[in-house]
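Hello,

Here is the structure I promised to pass on to you. Some notes on what turned up follow below it.

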Amino acid sequence: MNTKSKNTAPQIQSQRMTGSEAVMHCLLAEGVDILYGYPGGAIMPIYDELYKYQDQIQHVLTRHEQGATHAAQGYARISGKVGVALATSGPGATNLITGIADAQIDSTPMVCITGQVASHLLGSDAFQETDIVGISTPVTKWNHQITKASEIPSVLAKAFYIAKSGRPGPVLIDITKDAQFEEFDFKYEKCKGIRSYIPVPKSEAGSVEKAAALINAAKKPMIIWGQGVVLGEAEFELQAVMEKAGIPAAWTILGASAIPTSHPLNIGMVGMHGNYAPNKLTNECDVLIAIGMRFDDRVTGDLSRYAKQAKIIHFEIDPAEVDKNVKTTVAVLGDAKTKLTELLPLLNKNEHPKWHQQFKDLYEIEYEKVIKKDLHPTKQGLTMGEVLKEINKQSNGNAAIVSDVGQHQMIACRYAQFNQTKSNITSGGLGTMGFALPAAIGAKMAAPDRDVVAIIGDGGYQMTIQELGTIFQTKVPVKIVVLNNDFLGMVRQWQELFFDRRYASTEIKNPDFVAIAKGYAIEAKKVSQRADLADAVAEMMAHKEAYFLEVSVEKEGNVFPMIPTGASVSEVRLE
């Protein structure tokens, strides 16, 4: 007879090892198979241990630590897993900060591990000592410095749990060099909860029912969804809500691709360069349902004139975002998937045909004044829009688009066709130029069976152009498209519209991008004529390895619609 209790937990055996070896065991326990990083003195013990595990964990040597964080972000955004970056102390650690800040504001799960000088040297201004914990505190979800090897298992378990749970974000763990060498008795348990940390808050009783009542009574309901839908894997539930209640739904740039672009209830993008109809009609809807978005200023324009006529329902996992910018009528706290599942059976079947017609009428105005000129230009110069149109055609809308920051980003978000979720990867809240090239590397490594196309401007491209070396070494087959207008285009557009065409420090003299790409053994081509575009894009998409395509586009093209700074969403301009 077996007398062993069914509830007896398995004993976790301890094993003697160094702190560095413990880091490897922790990463393997968390399912990490790719790291992005750059070695140095203070993290050398971990790299020495990593050398022994290279058949289990792939290390990708980026050419700059910022590139490591963006690659980890791209990996995380397309896979839904935690991205991991490594760096040494001092400048290695500080070079991570831009990517960490980007991940924090865009809710990207990432764990960064930095080496640090030996604990007895802390505070002595030792060589390459920097207080990275103090520096990173404002831009991390959590951070911690380890000075004893025995801390490594529990701290790293917490790091991965915090990074992924609730509203995701970046975590930084700083490990002193002596802790990496020190031996201890290792055992690992995954973190399943932390006292006082509540990743998914409880919603107020009856909040879902109140939201359903408002939606059922609405004559002009409108949904704006954000990245919370993607992070919460609530795409199916959102679509079901849209279809049952007949609600037109718009998206923020980080929410793009959660619902197929072609869906009849998908009415386009909101925000500064969003579509005309959803921006204008935000100030005419009677119920505005915000799902997994934070009412960023680029979405709302002038807050004092934003949706004042509407009752606001906010589905949100982070209580700090509720009522922060826009006062809600009903707040529904929790993860989007759970709460939309609860909402769906409470909704009445509806269609709202007259309300939908208003969106269609405004779309026709935008098409005639903006979209037709972007996608079917009659003038000689190539537009950014027609490049995206050709990529859509050649990829059948199945490519993952990784865009940098600037005019090309807005054009990519506006015109890329998405058939599946996690297909739009860009820097949203921080607006980090240089994001796309390394992020595309990470995205392609996470999704090797998908086409990954980086859309980059000539300015942002040169901020992380050194990551061509990473492509050269890893042979990762990303497609790189640089839309070259010889300007820092978005700033130039503002200078044209609001600074009397004083183009102060925005015209940029560029190198021979094709020659540089070929120097890294990457197949490359430049196109400046419309007649050559389709064949060039087809060649790029068919190429089995990395490919670089430079497209010379009109120098002074502008992105419209546009909501000027300080204006209401109702004051969106078409020209």
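Which residues in helix 9 (residues 207-217) are buried? They are S207, V208, A211, A212, L214 and I215, where buried means under 20% relative accessible area with a 1.4 Å probe and protein chains only. Because these residues cover an arc of only 165° around the axis, they sit on the same side of helix 9; the arc is that of the directions from the helix axis to the C-beta atoms. Helix 11 (235-245) and helix 14 (336-343) are among the elements that cover them, by contacts of heavy atoms within 4.5 Å. Helices (H or I, at least four residues) and strands (E, at least two) are DSSP runs, numbered from the N terminus.

A word on how to read this: the model is predicted, so local features need pLDDT of at least 70, side-chain atom pairs count only at pLDDT 80 or more, and totals for chains, interfaces and linings use all residues. Residues are numbered from 1 along each chain as its sequence is written, and side-chain values use heavy atoms, without hydrogens and water.

Now the open space. On a 1 Å grid over the protein atoms alone, a pocket is an open set of points with protein on both sides within 12 Å along at least five of seven lines, and lining residues have an atom within 4 Å of a point. The second largest pocket has a volume of about 690 Å³, the space filled by probe spheres set on the points. Of its 31 lining residues, T261, N266, I267, G268 and Y363 are the closest to the centre. Helix 15 gives the most to this lining, with eight residues.

Enjoy exploring!

Conventions
Buried means under 20% relative accessible area, exposed over 50%, partly exposed in between (1.4 Å probe, protein chains only). On a 1 Å grid over the protein atoms alone, a cavity is a set of points where a 1.4 Å probe fits but cannot get out, and a pocket is an open set with protein on both sides within 12 Å along at least five of seven lines; lining residues have an atom within 4 Å of a point.
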